[in-house]
Amino acid sequence: MELHAGHHTIAHFAGMSFNMDTLYMTWLVMAVVILIGWLATRKRAMVPRGTQNVMELILEGLAGQLKPSLGKYWGLVSSILFTYFLFLLISNELGLIPSPHILASPTNDLNTTLGLALTSSVIVWFVGIKAHGPGYFKHYLQPFAPFIVINLLEEVAKPITLSFRLFGNILAGEIMLEVLNYLSPYLTPIIWLAFSLVVGIIQAFVFTILVTSYLGMSIGEEH
């Protein structure tokens with residue numbers, strides 16, 4: 001059976017289902033991120049060249065956008081935010097590489113995007129407690145105690161919207177690429193591929209900057 005974007009090879013174990021292609025590709029992306037980190041740091045120099053230069057340009061540009069929201073807590077979460085961006089960037093672009101349905105973006109699976117979003121929520125709570133102590137959770141009762149319902153609904157909505165935004169954009173892009181390749185297998189898919197490459201970069205940045213925004217709100221004096 002021919003596989004298409006959004007279809008997964010499922011394995012069952014201990015009463016649970018696993019999307020094996022997503023797991024394989026997630027491990028591949030992690031290996032690529034580690035390899036890039038190793039190449040960028042193995043021969044560090046005051047005057048960067050090669051991979052170190054490229055990575056420093058990317059991370060310095062990213063830091064310029066994210067750091068103002070976090071102040072003194074930047075050092076606490078900068079590595080996590082950089083890892084989010086690199087992981088998502090590589091994941092988003094991986095499914096665009098022409099292959100006979102071998103390579104697929106891990107982010108075209110809602111399990112991956114929801115897992116990342118839930119992890120970001122845990123990080124937000126951790127940083128909030130780090131900044132304010134247990135009193136951090138008092139903001140759920142502001143401005144009045146009955147607002148706890150609305151505030152909790154907002155807290156639940158954050159990871160859901162984060163995950164569906166990323167998942168929807170990446171999956172839709174891959175499906176559109178398959179459709180265009182079927183209808184017109186020459187110029188149109190190339191144009192859409194270039195567009196999808198840009199979308200992949202934007203989605204990685206949007207996810208990272210939204211997590212940064214939530215972190216900024218968690219450390220602020222008012223929530």
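A cavity here is a set of points, on a 1 Å grid over the protein atoms alone, where a 1.4 Å probe fits but cannot get out. Grid points are joined across faces, edges and corners, and a volume is the space filled by probe spheres set on the points.

This is a predicted model in which local features need pLDDT of at least 70 and side-chain atom pairs count only at pLDDT 80 or more, while totals for chains, interfaces and linings use all residues. Residues are numbered from 1 along each chain as its sequence is written, and side-chain values use heavy atoms, with hydrogens and water left out.

View 1. Searching the whole structure turns up two cavities of 30 Å³ or more.

**View 2. The largest cavity.** Its volume is about 60 Å³. Look for A117, S120, S121, V124, E155, K158, P159, L162 and Y214 around this space; lining residues have an atom within 4 Å of a point. At least two lining residues come from each of α4 (110-132) and α5 (148-183), helices being DSSP runs (H or I, at least four residues) numbered from the N terminus.

View 3. Ala, Val, Leu, Ile, Met, Phe, Trp, Tyr, Cys and Pro count as nonpolar, Asp, Glu, Lys and Arg as charged, and the others, Gly among them, as polar.

**View 4. The second largest cavity.** This cavity holds about 30 Å³ of space and is lined by L162, R165, L166, Q203, V206, F207 and L210. Helix α6 (187-219) gives the largest share of the lining, four residues. By class, you will find five nonpolar residues, one polar and one charged.

Key:
On a 1 Å grid over the protein atoms alone, a cavity is a set of points where a 1.4 Å probe fits but cannot get out, and a pocket is an open set with protein on both sides within 12 Å along at least five of seven lines; lining residues have an atom within 4 Å of a point.
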